[in-house]
Amino acid sequence: MKNIKKKKIINSKNILTIIEKYKSPLWIYNFKTIKKQILKLKKFDTIRFAQKACSNINILKIMKKYGVKVDAVSLGEIERALRAGFKGNSDDIIYTSDIIEKNTLKKVISLKIPINIGSIDMIKTIGKKSKNHLIWLRINPGFGYGHSKKTNTGGKNSKHGIWNVKLALKLIKKYNLNLIGLHMHIGSGVDYINLKKVCKAMIKSAILINKKISFISAGGGLTIPYKIHDKKINIKNYYKIWNKSRKKISKFLKCPIKLEIEPGRFLVAQSGLLVSKIESIKKVKNRIFVLVNVGFNELIRPVLYGSYHYISILPKNNRKINKKKLIKAIIGGPLCESGDIFTQKENQKIYSIKIPKVKKGDYIIFHDTGAYGSSMSSNYNSRPLIPEILFKKKKILQIRRRQTIKEMLSLEDLIL
């Protein structure tokens, strides 16, 4: 299997065993990788998993086991966290959003879940219903950053966060809300230049607020090496920069401050594989299209963001392949969409990759799909959701079964 060893996930034999039992396509997660990533962040006072990256209840249970708390961005994510064992009336769960709907508001009030507020209207809505509610302010620092424009969460083009901090403070006082923390997240794929800018903006915001708080959040955006030669982020340096800022804020406000971090992809991306089967090999003029049984309804990142995922080949029956004899191929899916291509850039430009000569029935493996893979999948083209498998200490555990067509259609079994 080309470069599987280099990616250090799960070996070919294990993958073939899983395929034999559960068929393709399917998602596979490696428990060991998730645990390893959690331990890298232990210097932070709180690790809070952005569960939107991978919201399977069984993945959340792993997080809880190792002391990770969760961020929820919807009522559904709150319910997932509760199902996984996280508690209300604590800081196990924080609800983060720019709006809060009626049923969500009822839930966070009844369970006293702290709210990370992203808009002025949210302050008014919560203040009218829940006096002294614990809140954070998610502040838009006026700039953003991301590996794609669509993952940029700061600046004037972003819908996220509080822009008018002075007005927010005025309303917090009016409604007697209890401000306990400041949160700042500018996007996915943070570099050190922007990191220092964020830290300066956090210090500036804390000085402006000039009120004793208990927490600051470094947000998420920690990168992972999607490409083999990508550099790994220096966690020690990342923590050092934030810790220095925390100390300055603590000194100015004359109170202890705990430092949170809110990773999503960093904890789970590298644990994940998407296993697909080659169903057709087509020649179109001088191009070769290798078509597999997963589409962008399963893995949307390449289509949505132009994101890169390392691709390797697993021959059927593990036959030997000639790694020196390569072909150039475009990898596509089965959807009735011209854009259902996995080898494309953000500008939608399609490109070919070099792979060993393959046959129908061989398997294509998409690497580093543990984040924003399954959680962003859909039933587009009326395709059922595929199973999720956890590989843990040589055990193969199904943590979500394959959805049936009957289950998918049952929501529409209404008499008109």
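Some ground rules come before the walk. Residues are numbered from 1 along each chain as its sequence is written, and side-chain values use heavy atoms, with hydrogens and water left out. Because this is a predicted model, local features need pLDDT of at least 70 and side-chain atom pairs count only at pLDDT 80 or more, while totals for chains, interfaces and linings use all residues.

**Strand β15**

Helices (H or I, at least four residues) and strands (E, at least two) are DSSP runs, numbered from the N terminus. Strand β15 covers residues 363-367, and five of its five residues are buried, so the strand is largely enclosed by the rest of the structure. Buried here means under 20% relative accessible area, with exposed over 50% and partly exposed in between (1.4 Å probe, protein chains only). In a regular strand the side chains alternate between the two faces of the sheet. In β15, Tyr363, Ile365 and His367 point one way and Ile364 and Phe366 the other.

Two strands pair if DSSP finds at least two bridges between them. Strand β10 (residues 272-284) pairs with β15 in the antiparallel sense over five bridges. Strand β12 (residues 311-314) also runs antiparallel to β15, joined by four bridges, and Leu314 stands opposite Tyr363.

**Helix packing**

Axes are lines fitted to C-alpha atoms, for helices over the stretch in contact, and angles run from 0 to 180 degrees between N-to-C directions. Contact means heavy atoms within 4.5 Å.

| Helix pair | Axis distance | Angle |
|---|---|---|
| α5 (residues 75-83) and α6 (residues 102-110) | within 9 Å | roughly 35° |
| α7 (residues 120-129) and α8 (residues 165-174) | 10 Å | about 0° |

In the second, Ile120, Ile123 and Lys124 of α7 meet Leu167, Ala168, Leu171 and Ile172 of α8.

**Nonpolar cores**

A nonpolar core is a set of buried Ala, Val, Leu, Ile, Met, Phe, Trp, Tyr and Cys residues joined through side-chain atoms within 4.5 Å. The largest has 102 residues, and Trp242 is one of those that touch the most other members. Helix α9 (residues 192-209) gives the most to this core, with eight residues. Leaving aside neighbours within four places in sequence, Trp242 is in contact with residues including Leu195, Met202 and Leu259. A second, separate core of 15 residues includes Ile19, Leu314, Tyr363 and Ile365.
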